[in-house]
Amino acid sequence: MSSQRPTLADVASAAGVSVSTASLAFSGAGPIASTTRERVLAAAADLGYLGPNPLGRQLRSGRSGIVGVVVGDALRRSFRDPVSIQVLDGLVGTLGEMGLGVLLIPGPTDPAEVPVDPLVLSAAMDVAVLLWGSGTEDPVLQALRRRGVPTVVVEGIPEPDVATVGIDDRRGMADVVRHLQELGHERFACVTLAFDRQRRDGFVEPARWDEVVWQVTRRRLDGVLDAGVTPDAVYETPASLVEHGKAAGFAILSREDRPTAVVCQSDLLASGVVLAARELGLAVPGDVSIAGFDGLDLPWLAPDVLTSVVQPLAEKGMVVGRAVASLLAGDIPDPTVLPVTLRPGTTTGPAPR
């Protein structure tokens, strides 16, 4: 037996068809009888032929079959966040149905690092997805523009040359603040996501509230202000993780002028504040009401169920996948904004007297 790998021509010869017909049997495209396809695949199995060389197919089509997904943070943090996982699940499932693969590209772990990963500059990709949009001056987006890579920006600023998919988070945050106002709350604190790639940790003076670069943080902070509330304290966290919310909770709830309501820009941050309140001996919501954003199922927080703004995470990923398909077809879809809904839970109640 020859040690040389069988070729498509060998399969075509064994099946008694032309090479072009054998190619159609593997591609699944074009007119070919089912009996002919079965004969070609049977001949391939007999010869141990695994299919056309994917590199050759890429060269012929001019496409890599890869979508680069820039997660915007270290992968070890992103995969601890159910929000990222559920959005990626919806996205990857949709891309898989189109026969597309995914290249995950992390963000820098240190503000001193170069903000653009080398893969953004050199990796083969047909479309790029920026999972957490920052702004028009985002160096990653600028690098992709220079390469001419069509791009979907998730939760970014709509621009004519990119596809954008977002949620109505500004209104959602205003809704949860109004819910707390109806319960009689007047003293608010806000725990935010990072303002920019510096990822600071601590209280933010009002002078810095207008310096937010990352759009998710900007919109959700604006939602609080839209409800007519100026927070007594704003605490910036480096990432959406429970431990950062807990640190913020201890800092906020240990103040002499402790607020009666804490509004958090993610559920993981809010759950950390709840844990801090428990350790400080505060009743939730008797002493302090706490609300989050995302609508996650957090059974480990029982008996509490977070009051939260629910966003359609898996659906958002699927919509991003469909935007990728549009870009591959040469079209830039209109910006998509998905609705959010307020889900009252057990962590908010009437303001203490």
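**Cysteines, helix contacts and loops**

Reader: To start, how many disulfides are there by the rule?

Author: The count comes to zero disulfides. Please keep in mind that this is a predicted model.

Reader: Is Cys 190 buried or exposed? And Cys 264, buried or exposed?

Author: Cys 190 counts as buried, at 1% relative accessibility. Cys 264 is buried too, with a relative accessible area of 0%.

Reader: Let us step back. How many helices and strands are in the protein?

Author: The protein has 13 helices and 13 strands. Its C-alpha trace spans about 85 × 40 × 35 Å along the principal axes. Of its 353 residues, 49% count as buried.

Reader: What share of the contacts with a separation of 6 or more comes from residues 24 or more positions apart?

Author: Such residues account for 71% of those contacts.

Reader: Now helix packing. At what angle do helix 11 and helix 12 pack?

Author: The angle is about 50°, and the axes are 6 Å apart.

Reader: Which residues of helix 11 and helix 12 meet?

Author: On the side of helix 11 they include Val 242, Gly 245, Gly 249, Phe 250 and Leu 253. On the side of helix 12 they include Leu 268, Leu 269, Ser 271, Gly 272, Leu 275 and Ala 276. By class, the contact of helix 11 with helix 12 divides into nine nonpolar, five polar and two charged residues.

Reader: How do helix 1 and helix 3 pack?

Author: Helix 1 (residues 8-15) and helix 3 (residues 34-47) pack at about 120°, with axes 8 Å apart. That makes helix 1 oblique to helix 3. The crossing is right-handed. Helix 1 contributes Asp 10, Val 11, Ala 14 and Ala 15, while helix 3 contributes Arg 39, Val 40, Ala 43, Ala 44 and Leu 47. This contact has seven nonpolar, no polar and two charged residues.

Reader: And at what angle do helix 9 and helix 10 pack?

Author: Helix 9 (residues 169-182) and helix 10 (residues 215-226) pack at about 40°, with their axes 7 Å apart. Their crossing is right-handed. Among the residues that meet are Asp 169, Arg 170 and Met 173 in helix 9, and Val 216, Arg 219 and Arg 220 in helix 10. The classes here are five nonpolar, one polar and seven charged.

Reader: On to the backbone. Which residues does the cis bond at Pro 285 join?

Author: The cis peptide bond runs from Val 284 to Pro 285, with omega near 10°. Pro 285 is in the loop between helix 12 and strand 10. A cis peptide bond also joins Ala 302 and Pro 303, with omega about 10°. Pro 303 sits in the loop between strand 10 and strand 11.

Reader: What is the phi of Glu 155? And of Asp 294?

Author: Phi of Glu 155 is near 60°, a positive value in a residue other than glycine. Glu 155 lies in the loop between strand 4 and strand 5, and is buried at 1% relative accessible area. Asp 294 has a positive phi of about 140°, although it is not a glycine. Asp 294 lies in strand 10 and counts as buried at 4% relative accessibility.

Reader: Last one: where is Arg 258?

Author: Arg 258 is in the loop between helix 11 and strand 9. With a relative accessible area of 29%, Arg 258 is partly exposed. Apart from neighbours within four places in sequence, Arg 258 is in contact with Arg 187, Ile 252, Leu 253, Leu 282 and Asp 287. Arg 258 and Asp 287 are 29 residues apart in sequence, and 9.7 Å apart from C-alpha to C-alpha.

Definitions and conventions
Residues are numbered from 1 along each chain as its sequence is written. This is a predicted model: local features need pLDDT of at least 70, side-chain atom pairs count only at pLDDT 80 or more; totals for chains, interfaces and linings use all residues. Side-chain values use heavy atoms; hydrogens and water are left out. Helices (H or I, at least four residues) and strands (E, at least two) are DSSP runs, numbered from the N terminus. Buried means under 20% relative accessible area, exposed over 50%, partly exposed in between (1.4 Å probe, protein chains only). Contact means heavy atoms within 4.5 Å. A disulfide is a pair of cysteine sulfur atoms within 2.5 Å. Axes are lines fitted to C-alpha atoms, for helices over the stretch in contact, and angles run from 0 to 180 degrees between N-to-C directions. Ala, Val, Leu, Ile, Met, Phe, Trp, Tyr, Cys and Pro count as nonpolar, Asp, Glu, Lys and Arg as charged, and the others, Gly among them, as polar. Angles under 35 degrees count as roughly parallel, over 145 as roughly antiparallel, 65 to 115 as roughly perpendicular and the rest as oblique. A crossing is left-handed if the near helix is turned anticlockwise from the far one by less than a right angle, and right-handed if clockwise.
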